[in-house]
Amino acid sequence: MEKEVLEHGLNLNRRKFLSRLSLGLGSVALGSLMIPDLFSGSEEELLQSGLPHFAPKAKRVIYLFQNGAPSQLDLFDYKPKLRELQGQELPASIRMGQRLTGMTADQASFPLASSKFTFKQYGQHGAWLSELLPYTSKIADELCFVKSMYTEAINHDPALTFFQTGAQVGNRPSMGAWLSYGLGSENKNLPAFCVLLSKGKGNGQGVYSKLWTNGFLDSVHQGVQFSNSEDPVLYLNNPDAMDKDDRRRMLDRLAQLNDENYQAFGDPEINAKVQQYEMAYRMQTAVPEVTDLNHEPESIIKLYGPECLIPGTYAANCLLARKLSESGVRFVQLYHQGWDAHDSLPSQIVGQCKDTDQASTALILDLKQRGLLDETLVIWGGEFGRTNYCQGTLTADNYGRDHHPRCFTIWMAGGGVKPGVYGETDEFGYNIQSDPVHVHDFQATALHLMGLDHEKLIYKHLGRRYRLTDVHGKVVSGLIA
Amino acid sequence: MKRTITATILIAGIIGIVLWSTRHAGQDAPDRISYNFHVRPILSDKCFACHGPDQNKLQAGLRLDLAKNAYAPLPENPGAFAIVPGKPDSSELMKRITSKDPDYLMPTPDSHLSPLTEPEIEIIRKWIEQGAVYEKHWAFIPPQKAALPKVKDTDWANNEIDYFTLAKMTEKGLEPNETASPEYLLKRISVDLTGLLPTEAEMDEFAADDPEAAYEKALDRLLASPHYGEKMALYWLDVARYSDSYGYQDDNIRTQWPYRDWVIHAFNKNIPYDQFITWQLAGDLLPKASKEQILATAFLRNHKYTEEGGVIPEEYRVEYALDKVKTYTKGLLALTVECAQCHDHKYDPVSQKDYYQVFGFFNTSKESGFEGDVSVSKPAKTPILTLSEKEIKGVLTFINQRDTGSVTVSVMEEADTARATYVLNRGAYDQPTDLVKPGALAAVLPFDTTRYQRNRLGLAEWTVTKENPLTARVFVNQIWQEFFGAGLVKTTGDFGMQGNLPTHPELLDWLAVDFMEHNWDIKRLVKQIVFSATYRQSSEVREKHLEVDPENLYLARSPRLRFKAELIRDMVLATSNLLVKEIGGPSVKPYQPKGLWEVASSGRGELKTYEQDKDSALYRRGMYTFIKLTLPPPSMIMFDASNRDQCEVKRTSTNTPLQALIMMNDPTVLEASRVFAQQLQAENQGLETNLSRAFRSIICRKATPKEMEILKGYYAEQLALFQAKKLDAYKTLAVGEFPINKKLNLDESAALMKVVNTIYNLEEAITKS
C-alpha cells in the first residue's frame, strides 16, 4: 500500500509540476519529465522512458480536417467503370451487406453515379485528380494520396470523434492533446495545440469541443480554440483603456500581494500562480503577433488567395496555421465544414473546392519555401467517404452521395511522408482492393512520424492504460519515406 | 517561518523525496506481507492482463488471480507450479519474473509492461515464503466498524474521525497542525457547505463569538441554508452528467433542468442516500410512484441523444443503455466495467456476461434510439414526464418554473413488453449472442432473486442493501473528497483491483458503516466531517510536510484548494452584490465571448446562435449557466469543470495562463469590480475603509498593514493616471450591462475598480485555505 500511495504521490507531483510550469511548454526536455506519468512504475522506467521514442521525422502537425466527408469519387478516386454503369444498380456482390445510414436504408434502388467531373493524371506518380482541384494538381508530387482509408463509423459525430480520439464514443483525448502531452510545445508563449474553425457554403455538420478535448489528460493539453474575433484567444485582450504598461503595473502589485500570502502559507501553488500570470502576459504579446495577417507580403497574399485577408475563412486559417506552426505550435487543427453533399453534390463541391483548393496548396508551397515542409506533417481529409451510388434521384447532371466507410482518400505531405499514391479501390470505388489503411493505422503512422510509438504513448487512467490507437493500429511503412 | 526556497526547487525536491521513498518502500517491506495491500497491486498491474479474469486473453491456461489455479500444476508444464506456498525458489513465478532471458522473462517484452522492480520482486518472494495467502479484494469485503485506534492526545480529537487520522499521523511521525484561525475557518465552511463566501456581517458575528460556539452555530446555519443543496448538487450533477442540450452534432436544447432542481431539493430536504439512489434508479417502478419519484429517474436520461439524420436507431438505443451502465457502475459503485462490454474484465471479476446482465436492467425502457432529426426536435424524448403548472405550483414547488405552462422531462418507464437482452459480441449492437437475464454484479454481492426482482427496482434495492460492500464506502469517499480535495481512496471512480488502496481503510469503513447505521443521513455525514479536528486544521505547509507527506495523504494539515469553476463566478458576483440568489429554473446565458457557438454550429437548431440573456439572468450562480454539450461554457471548462459528456466523479485542478486571462479580462469579473467599487465609493466611508472592506469581502480576512500599503499605493498611482487623463476612466468603467453610477467621481471609481479587480486576481481569492 505504502508503495502505491507514494507512487500516486509521485505521479501527482509530476503532473502538478508540469501544470504549474507549463501551458504545454513541454519542450522535449520537459516532455521526458512528463512521460513517466504514463507508467505506473518505477524510477527505472522513469529514467528510460525519454521522449520521443525515436528520431522524429516531423516536429509539428497541421491537420486540415475536411468536415462532412468530401467525395473521393469526385476528387481523387477516378472510376471510369462507373461511367459505363451509370444508373445501373449497385450489385449485391459488391455491397456485401454493408450497413447503410438511415438516410438511404429505405431507398428502393442504389443507382451507380459516376462523377460528372473530368480527371487527369498528374506528376511523376501519375496521381488522378479531378478538374475541381487545379491547384492541388500542381503539387501532386509533394503529396501522398492514401486511397485505401477505411473506418467503422457511418455517421458524422462518431466518425469525427473516431478520427480525432481513436474511439467513436467516450471522452478520450484527441490527437493534438496526445501530442501536447507527449512532446509539449516548442514555444512557451503559445499553446501546444491550437484549433481553427471555418465554414464552407456546402451542407455543414458542426464541430464539437470534444474533438479537441484533453479527455482524462490535464486540461493544459486541451486544444485552444482561436477565433477570428478581436480576441484571437478567449479573454486575451486587456480591457479598453488598459495598455500593456498598465497591465504590467497591475501584475507587479499582484505579485507583491501574492508573495505576502506565500510568506504566510508556504504553498508553492501561490508562486506557480504568479508564473501563470506572467505567461499570460507574454501570451498577450505573442498571440497577436502571430495572428496578425495584415503584414504579410503581397506574394503570400497572392499564394493563398485574397480570401486569406478575411478572418475566419479557410484561406486565412491556412495562413494562420503556417504562422502558428512556424512559431513552434506542435499541433494546429483546422476544421472546414460543408462537405456533406447528400444532394446537389456537383454544385456544392464546386464551392467547397473553391474555398480550399488554393489555400491547401498554398500552405504546402509556403512551408516548402520556408524550408519547413520537411519537419511539418500536413494532413488533408474527412471522416469517411461517399457512396458510389446516388442518394435521391439521379439525373443527367445532378446526384447526391451518402456516407461510405469502406473506402476514401486522404492526403498527407511533408515530414517523412513518402509522396505517391498508396492503396487501391475496386473498379466500383466501393471496396478496397489493396493496402487498406484503418483509422488506427493512420493514427499510428502519424505518431510514428512524430517520433512516438503508438503502443508506448499511454496514459493510465482508472486502472487502464489508454492510447490514441486503443488496442489496435499498425504503422504503415508504405507511407513513410 | 523562513521561506526562501523557490517553488521550483521545492517541487524538484518533492519529486526527489518521493522518488527516494519509492525506491526504499519495498526494501522496507513490512514483516507481514498482505496480499491485498502489497501483492495484488503488483500482480494486477503486471500479470492479470494475460493471467487474470479475461478468459479470452488467458495465456497458458494460467490464472494468478485465483489461489487454486496458481497453486495447481501448470497446464502446459504439469511438473511445475506457478506458486508453491512457502517455497519461492520452487515457484515458477519467481523464476519468470527474475529471469535475464527475454524469452523466459515475465511480463514478456512485447506486452509493453516493464519488468518487476527489485522491491516488487522482494514483496512477491516474501509473500510466497509466508504461504502465499490470497485474500478477497478489500472493497468486496463488507465494511466493519473497527475499534477506535489508541492515540496519545485524545484531547485533540473532536470526534471518531480524528482518532483514525491522528493514529496515522503519529505512525508517520507527523503532528496535526493547530486549528486554523477563525477567519479562515469561516471562509472554509461557508464555501464548502454553500459555495458562497461569508458576508461582512457574518464575519463580524463569527469573530465576536466564542470560537467553538461560533463554529457550531455557523455550521448549523450553513447546513440549513438553501444554498447547501446547491453546493452538494454541484458535485452530483457531474456524476449525473447533467446538461441543457442533447449533444451530438446539431445539439439542440432540452429541458432536464427540473431534475437539477430536484437534486438541489433532495439535498436540502436531506433525503437519505438510499432513497436518493432508489428514486433515481427506479422511482418509476415504486408502488404508486409520485411524479417527484419519476422525475428523479431523469438521472438515467441525462446522457447525450442523437438527432443526426441517418443514424441507425438501434445503435444509439444501445449506446444510451451503455451510458446508463457506466453512470451506475462508476458513479454509484466506483467500478469501471466498460471493458467488459467487449471482453471479460482484465483485472476485476466482471465477465462480459456479468456486464450484459447489468445492461439488461437498462435495456427494457420505452426509449428509442432516434426520434427524428433536429427539424422535429422536442425538449424531451420518450418516455416523457409532463409536469403541469398546477402540479408545479401545488406539490412540486421546488421546481422553479418561471413561465406559465407545463414542462417536459426525459425520464424512465418500462416498455410494455420487456426487450430481451443478449451478450453483444465485441459490444456491437448488431451482434447479439447469448441470451441473459438482468442481474447485478455477483462478485460484489450475489443477486438473490428471491429477494430482488429482476428490474431496476431490484437493482436499486441490491445497491442500497447494507450488505452491499461498495455503495456506502463509495459515497462516503466522494463526500470526503468534496471537503479534502481527494478521497480516502484517491481513485474515486475505481475501487477495483487497479484502483488505489485507501490511505485510511479503517476510517473509510467506520464512516461507511456509521453512515448506514444512521439511516444514510447525508447531512449528518457532512457535519461529522466538518466538525472533526482534522478538517479544522490550519493549511500552513511546513518543511516537515514537504519532507514526509508532500501530497497530504496523512492529513496533518488542511489542504489549500482552488474553488470549483462555478464557485469562482459565484464569488465574484456575490461580493459585488450582483448575484441573484434565486434557486433553480431554466439555465441562463450570461456574457460569453462572441461567435463561439456560431462558428462551430451546423447552422441548425435552437442553439445555433448564442442569445445572451438580460438583466437578472446575467447574474445567476455558475451552476445555472447553460451547458451546451458540444461547446460548454468556456470559462467553466478552463477552470476544469466537467464537460458533462459522461459521468465524472473527480475534477482535476490545473493552473494555466488561460485562467489568468479570464480573471483579468472576462467582462463578468470586470463588471463586478466596477459595481463593487462604486458601491463602496457611494457609501462614502473613506479610502482606507473602502480598500480594507474590498479586501476583506473578497479574501475573507483583514488585510495586513503591508497589504494595505500595496493596495493604497496602487490606488494612488491609478488615480493619478486617471486624473491626468493618461488613462480613460469612462472607458475603463464601461463594461457590462449594470448601469454606471455617474454621480460619483469617475476617476476615483475607475481607480478603485482597478484595485478591486486586482484583489479578485489574487491566488487567495479563489482558494480556500
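**Cores and packing**

B:V476 is in contact with B:L508, B:L511, B:A512, B:F515 and B:L525, leaving aside residues up to four places away in sequence; contact means that C-beta atoms, placed from the backbone, lie within 7 Å. The model is predicted: local features need pLDDT of at least 70 and side-chain atom pairs pLDDT 80 or more, while totals for chains, interfaces and linings use all residues. Residues are numbered from 1 along each chain as its sequence is written, with chains lettered from A and ligands numbered from 1 in the order in which they are written.

Nonpolar cores
- The largest nonpolar core has 327 residues, and B:V476 is among those with the most contacts inside it, as are A:C144 and B:I759.
- Helix 31 (residues 746-760) of chain B gives the most to this core, nine residues.
- A second, separate core has 22 residues, including B:I33 and B:C47.
- A nonpolar core is a set of buried Ala, Val, Leu, Ile, Met, Phe, Trp, Tyr and Cys residues joined through C-beta atoms within 7 Å.

Chain A
- Of its 481 residues, 63% count as buried, meaning that 20 or more other C-beta atoms lie within 10 Å of a residue's own, placed from the backbone.
- Chain A has 14 helices and 17 strands, which are DSSP runs (H or I, at least four residues; E, at least two) numbered from the N terminus.

Helix pair in chain B
- Helix 7 (residues 160-171) of chain B and helix 20 (residues 505-517) of chain B pack at about 170°, with axes 9 Å apart.
- These two helices are therefore roughly antiparallel (angles over 145 degrees).

Terms used:
Buried ≥ 20, exposed ≤ 12 C-beta atoms within 10 Å, placed from the backbone. Contact = placed C-beta atoms within 7 Å. Axes fitted to C-alpha atoms, helices over the stretch in contact; angles between N-to-C directions. Parallel < 35°, antiparallel > 145°, perpendicular 65-115°, else oblique.
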